[in-house]
Amino acid sequence: MTTSTNRIIHVLQSSQVQLLADWVKILRSSALPRTATVISDPELQAQCQEFISLFAAAIASGNLDTIEADAWKPVLEFLAGVSRSRGRQGFSPSETATFVFSFKEPLFTHLRRAFEGKDEAELFMNIWELSKLLDKLGLYTTEIHQQAREEIIRRQGEEMLELSTPVIQLWDGILAMPIIGTLDSARTQIVMEALLQQVVATRSPIAILDITGVPTVDTLTAQHLLKTVAATRLMGAECIISGIRPQIAQTIVHLGVELTGVVTKASLADAFRLALEKLGHRLGATARS
Amino acid sequence: MDRIPILRLGDTLLVTVQVDMHDQLAVRLLDDLTTMITKVRARGVLIDISALDMVDSFIGRMIADIAATARILDARAVVVGMQPAVAITLVELGMSLPGVQTALDVDHGMELLREPRDS
C-alpha cells in the first residue's frame with residue numbers, strides 16, 4: 001500500500017507540469033463552450049494546479065479508502081468552492097463534475113508511463129483505487145453544485161416574498177395592501193405581520209386588503225384572510241377586503257365560507273370611498289363654473 | 001403582592017398593563033376592576049395593553065372576561081394598543097374576542113368611549 005501510494009505521489013510530483021498542461025488541454029478541448037468563455041486560462045490553470053497539489057497531499061496521508069477522512073478536507077473544501085462558483089455562473093452539474101472526471105485521463109496516462117514494463121497488477125490496482133476516489137470527488141462536486149443551486153432558488157423565493165408585500169398609505173389613516181399571487185400559509189403570515197406592523201407604525205384605523213391579484217381562493221386562503229381581519233380588529237383597526245372578482249365570490253359562496261362580519265367591496269376604489277366615509281371625510285364633485 | 005393600578009378619569013377607568021401579565025395578576029385585576037366599577041359607577045373602562053408582548057389562552061380569556069364583566073356592570077370596555085404579535089397569537093389560538101371593543105391607542109379608545117351609546 002505504501003509503496004504504491006509512494007509511486008502515485010511520485011507521478012503527481014515529478015510530472016506535475018506535464019500533468020497540468022495535459023489536463024488543462026483536455027478541459028479546454030472537451031466540448032464545454034461555457035468553460036472557455038466564462039473561466040479565463042490563468043484562472044483554470046490555477047484551479048487545476050491547486051487541485052493537483054491538494055490531491056497529492058491527501059494521497060500522501062495514505063488514506064485512499066474514504067474521502068470523509070480529515071486528510072481529504074482541504075480537497076473537499078477546494079472542490080466545494082469551485083463547484084459553488086460554477087453553480088452560480090450557470091454551469092450544468094455534468095459540466096461541473098467534468099472538472100474532476102477529466103483529471104483521470106492525464107493522470108492514468110502518466111501513471112502508465114511510470115509503470116512501463118513493471119508490475120502490471122499493481123498498476124491496475126492503483127488505477128482502480130484512484131478511479132474510485134475521483135468518482136467520489138466528482139459526485140461530491142455534483143452534490144455541492146446542487147446545493148448551491150437550491151440556495152439560489154430559496155433566496156429568490158425569499159426575495160419574491162419581500163417584494164410582493166408592500167403596504168401603501170393611501171390617506172392619513174388609511175392603509176392598503178395589494179396582494180398579488182397565491183396566498184399560502186407562509187406568505188399569509190408575512191402579509192399579516194407586515195400589515196399589522198404598519199397599522200401600529202402609522203396608527204391607521206383602516207386597512208384595505210386588496211386581493212385583485214390573487215388568482216384563486218380556496219378554503220385555506222379564505223381562512224387566512226379571516227384571520228388577518230380578526231387580528232386587525234383585535235388591534236383596534238378595521239380591515240376591508242376589496243378586489244373580489246365574480247368567480248372568487250362564487251367560489252367563496254360555494255365553499256360555504258362564512259364571511260359575515262367582514263366588510264367586503266368589489267373594487268379598491270369602493271373600499272377607499274368607504275374608508276374615507278368612515279373617517280368622516282366627505283367626497284363630492286366641486287361645481288365648475 | 002403586586003397589582004395593576006387602576007386610574008380614574010372622570011367616569012372612565014384607565015388600566016395600563018405595564019408588567020408581564022401572569023395568571024394571578026390577571027385574576028386580581030378582574031377583581032379590583034369590578035369592585036372599582038361599582039364603587040365609582042364608571043361608564044367606561046379603557047385597558048391599555050400596548051406594553052404586553054406575550055399572551056397565552058388564559059390571559060386572552062381574562063381580557064374577554066374583563067370586557068364581559070364590565071358590560072354587565074353597564075360600563076363599556078375598550079382594549080387598546082394590542083401588539084401585532086399578540087393579535088396574531090390570539091387569532092391563532094382561536095380567540096378573536098368577538099364581544100370586545102378595540103382601538104389603536106388611548107386617544108382613539110377615549111374617542112370611542114365618548115361616542116353616544118346605542119342603548
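## A two-chain predicted model at a glance

- Strand S1 (168-171) of chain A and strand S2 (residues 174-180) of chain A run antiparallel, joined by 3 bridges.
- Both belong to an open sheet of 5 strands in chain A, ordered S1-S2-S3-S4-S5, and the pairing in this sheet is mixed.
- Its edge strands are S1 (168-171) and S5 (263-265) of chain A, each of which pairs on one side only.
- On average, and with direction ignored, neighbouring strands of this sheet are turned by 30° against each other.

**Helices across that sheet**

- Helix H9 (residues 185-202) of chain A lies across S1, S2 and S3 (206-213) of chain A, and it runs at about 165° to S2(A).
- Helix H12 (residues 268-278) of chain A lies across S1, S2, S3, S4 (238-242) and S5 of chain A, running at about 175° to S3(A).

**Chain B as a whole**

- You can find 4 helices and 5 strands in chain B, and along the sequence they follow the pattern β-β-α-β-α-β-α-β-α.
- Chain B has 119 residues, of which 37% count as buried.
- If you take the contacts in chain B between residues at least 6 apart in sequence, 78% of them join residues at least 24 apart.
- The mean pLDDT of chain B is 88, with 97% of its residues reaching 70 or more.

**Two helices packing in chain B**

- Helix H1 (residues 23-40) of chain B packs with helix H2 (residues 57-72) of chain B at an angle of about 5°, and their axes are 10 Å apart.
- Because of that angle, H1(B) is roughly parallel to H2(B).
- Residues of H1(B) in this contact include B:Leu30, B:Leu33 and B:Ile37, while those of H2(B) include B:Phe58, B:Met62 and B:Ile66.
- Sorted by class, the contact of H1(B) with H2(B) has 9 nonpolar, 2 polar and 2 charged residues.

**Where the chains meet**

- The contact draws 15 residues from chain A and 14 residues from chain B.
- On the side of chain B that touches chain A, helix H3 (84-92) and strand S5 (101-103) of chain B are the elements giving two or more residues.
- H3(B) provides the largest share of that side, 5 residues.
- By class, the side of chain B that touches chain A has 10 nonpolar, 3 polar and 1 charged residues.

Terms used
Residues numbered from 1 in each chain as written. Chains lettered and ligands numbered in written order. Predicted model: local features only at pLDDT ≥ 70, side-chain atom pairs only at ≥ 80, totals over all residues. Contact = placed C-beta atoms within 7 Å. Nonpolar A, V, L, I, M, F, W, Y, C, P; charged D, E, K, R; others polar. pLDDT = per-residue confidence, 0-100. Axes fitted to C-alpha atoms, helices over the stretch in contact; angles between N-to-C directions. Parallel < 35°, antiparallel > 145°, perpendicular 65-115°, else oblique. Buried ≥ 20, exposed ≤ 12 C-beta atoms within 10 Å, placed from the backbone. Pairing = 2+ DSSP bridges.
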